[in-house]
Amino acid sequence: MCGRHHKLIDTEFKRYTVSTLLEMKAQHEERGIAEISPVSGRVATQLLANYTGISVVGNNGNVAIQSPGAIQANSITIKNTKMRLSVAAPTGSLGASQPKVAYCQHLIDRYQDYQKSDWTGKTKFKYIAIHNSLKRTFGVNWKLLSESKFEEVVVFLQGRIDATIIGKGNKKKGIKNFSSHEEWQSEG
């Protein structure tokens with residue numbers, strides 16, 4: 001229920017008894033009317049327009065989409081959830097080389113740790129933006145780049161690490177901010 005009707009029913013509890021509310025609900029469901037928010041409506045419209053195969057879980061009725069002669073349910077519940085879709089990286093891409101992905105991820109993690117530890121407050125939440133920065137610089141997700149771009153990605157990430165407040169301080173003290181790919185592989 002919307003906030004207005006929810007408050008009305010709560011304040012007029014003698015008029016809207018449990019049995020009255022259940023009867024109203026049953027009548028509403030019999031008419032097959034769905035009340036959804038405009039945002040959910042747009043999502044539902046897109047889902048139904050773009051997909052011919054929808055899996056329905058936990059539905060009390062039968063639902064058929066683009067299936068002539070099938071039993072159609074009076075209602076369908078669409079739950080808007082975020083889904084993560086993972087696709088295998090193409091052969092010859094950085095993402096297909098597990099050791100190179102691991103090293104790049106190590107550098108990304110190092111950069112993020114340095115940014116999180118920045119005590120100046122000037123880079124608040126900037127550590128989150130490294131993936132967008134990589135995409136902006138190289139034009140695509142770094143894992144989809146050709147393996148031949150590995151050194152460029154590494155140089156970019158190492159430069160970003162060195163440019164942090166902690167990275168600059170470490171360089172002044174003669175402390176290395178990261179290991180080379182070869183050193184990192186022999187360490188691990």
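**Entry 1: ground rules.** I am working from a predicted model, in which local features need pLDDT of at least 70 and side-chain atom pairs count only at pLDDT 80 or more, while totals for chains, interfaces and linings use all residues. Residues are numbered from 1 along each chain as its sequence is written, and side-chain values use heavy atoms, with hydrogens and water left out.

**Entry 2: overall make-up.** I looked up the secondary structure and found eight helices and zero strands, where helices (H or I, at least four residues) and strands (E, at least two) are DSSP runs numbered from the N terminus. Along the sequence the pattern reads α-α-α-α-α-α-α-α. Of the 188 residues in the protein, 22% are buried; buried means under 20% relative accessible area, exposed over 50%, and partly exposed in between (1.4 Å probe, protein chains only). I also looked up contacts, meaning heavy atoms within 4.5 Å: among those between residues at least 6 apart in sequence, 52% join residues at least 24 apart.

**Entry 3: H4 against H6.** Helix H4 (residues 98-116) packs on helix H6 (residues 150-162) at an angle of about 15°, with the axes 9 Å apart. For these values, axes are lines fitted to C-alpha atoms, for helices over the stretch in contact, and angles run from 0 to 180 degrees between N-to-C directions. H4 and H6 are therefore roughly parallel, given that angles under 35 degrees count as roughly parallel, over 145 as roughly antiparallel, 65 to 115 as roughly perpendicular and the rest as oblique. The crossing of H4 past H6 is left-handed, a term used if the near helix is turned anticlockwise from the far one by less than a right angle, with right-handed used if clockwise. On the H4 side I noted Lys-100, Tyr-103, Cys-104, Leu-107, Ile-108, Arg-110, Tyr-111 and Tyr-114, which meet Phe-150, Val-153, Val-154, Leu-157, Gln-158, Arg-160 and Ile-161 of H6. By class, this contact of H4 with H6 holds eleven nonpolar residues, one polar and three charged; Ala, Val, Leu, Ile, Met, Phe, Trp, Tyr, Cys and Pro count as nonpolar, Asp, Glu, Lys and Arg as charged, and the others, Gly among them, as polar.

**Entry 4: H5 against its two partners.** The axes of H4 and H5 come within 11 Å and cross at roughly 125°, and H4 and H5 are therefore oblique to each other. Here Ile-108, Tyr-111 and Gln-112 of H4 meet Ile-130, His-131 and Leu-134 of H5, a contact with four nonpolar, two polar and no charged residues. I then turned to H5 and H6, whose axes come within 12 Å and cross at roughly 135°, which makes H5 oblique to H6. H5 passes H6 in a right-handed crossing, and the contact joins Ile-130, Ser-133, Leu-134, Thr-137 and Phe-138 of H5 to Glu-152, Val-153, Phe-156, Leu-157 and Arg-160 of H6.

**Entry 5: single residues.** I checked Trp-142, which is found in the loop between H5 and H6 and counts as buried because its relative accessibility is 4%. Leaving out residues up to four places away in sequence, Trp-142 touches Leu-94, Val-101, Cys-104, Gln-105, Ile-108, His-131 and Leu-134. Its C-alpha lies 7.6 Å from that of Val-153, eleven residues away in sequence.

Lys-143 is also placed in the loop between H5 and H6, but at 34% relative accessibility Lys-143 counts as partly exposed. Lys-143 and Ala-89 are 54 residues apart in sequence and 7.1 Å apart in space, C-alpha to C-alpha. Apart from neighbours within four places in sequence, Lys-143 is in contact with Ala-89, Ser-93, Leu-94, Gly-95 and Val-101.

Last, I looked up His-181 in helix H8 (residues 181-187), which at 12% relative accessibility counts as buried. Not counting residues up to four places away in sequence, His-181 touches Pro-99, Lys-100, Tyr-103 and Phe-150.
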